[in-house]
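Let's read this one together, feature by feature. Have a look first, then ask away.

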Amino acid sequence: MNLGSFDFKEMMTAFMVLFAVIDITGSIPIILDLKQKSGKVHSGKAAIISFLLLVLFLFMGEGLLKFFNVDIPSFAIAGAYSLSNRNDFQHNYFQKRCCRR
């Protein structure tokens, strides 16, 4: 991407990938359960820690992958597999916690 120009298609692609990965709507039951158990969710603290991790991996992520001898396509496949299992976990978690009869 040229830094001097704005590529709308690339921005929308990044937005859709991040929206699918973050999946806040799928995490709502887990967040509500945490709030019920602990009484308070520290959203500001979680946002700061998340931002610091984001910046850390922005600058050190490629070096970390090289250290473990993992290439980007392999990492992408592992990430896709992990995301597919996360959706199963969230579904099972929701069924166990929220839909008891």
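Q: Which side chains meet in a salt bridge here?

A: Quick ground rules: this is a predicted model, where local features need pLDDT of at least 70, side-chain atom pairs count only at pLDDT 80 or more, and totals for chains, interfaces and linings use all residues. Residues are numbered from 1 along each chain as its sequence is written, and side-chain values use heavy atoms, with hydrogens and water left out. A salt bridge is a side-chain nitrogen of Lys or Arg within 4 Å of a carboxyl oxygen of Asp or Glu. Here E62 pairs with K66, at 3.7 Å from N to O, and searching the whole structure turns up 1 salt bridge.

Q: Where do E62 and K66 lie?

A: Helices are DSSP runs (H or I, at least four residues), numbered from the N terminus. Both residues lie in helix α3, 4 residues apart, about one turn of the helix.

Q: Are E62 and K66 buried or exposed?

A: Buried means under 20% relative accessible area, exposed over 50%, and partly exposed in between (1.4 Å probe, protein chains only). E62 and K66 are both exposed. M60, also placed in helix α3, counts as exposed because its relative accessibility is 51%.

Q: By how many degrees does α3 bend at M60?

A: A bend is the angle between axes fitted to the seven residues ending at a residue and the seven starting there. For α3 at M60, that comes to about 60 degrees.

Q: What phi does N69 take?

A: Just after α3, N69 has a positive phi of about 60 degrees.

Methods: Helix = DSSP H or I, 4+ residues; strand = E, 2+ residues; numbered from the N terminus.
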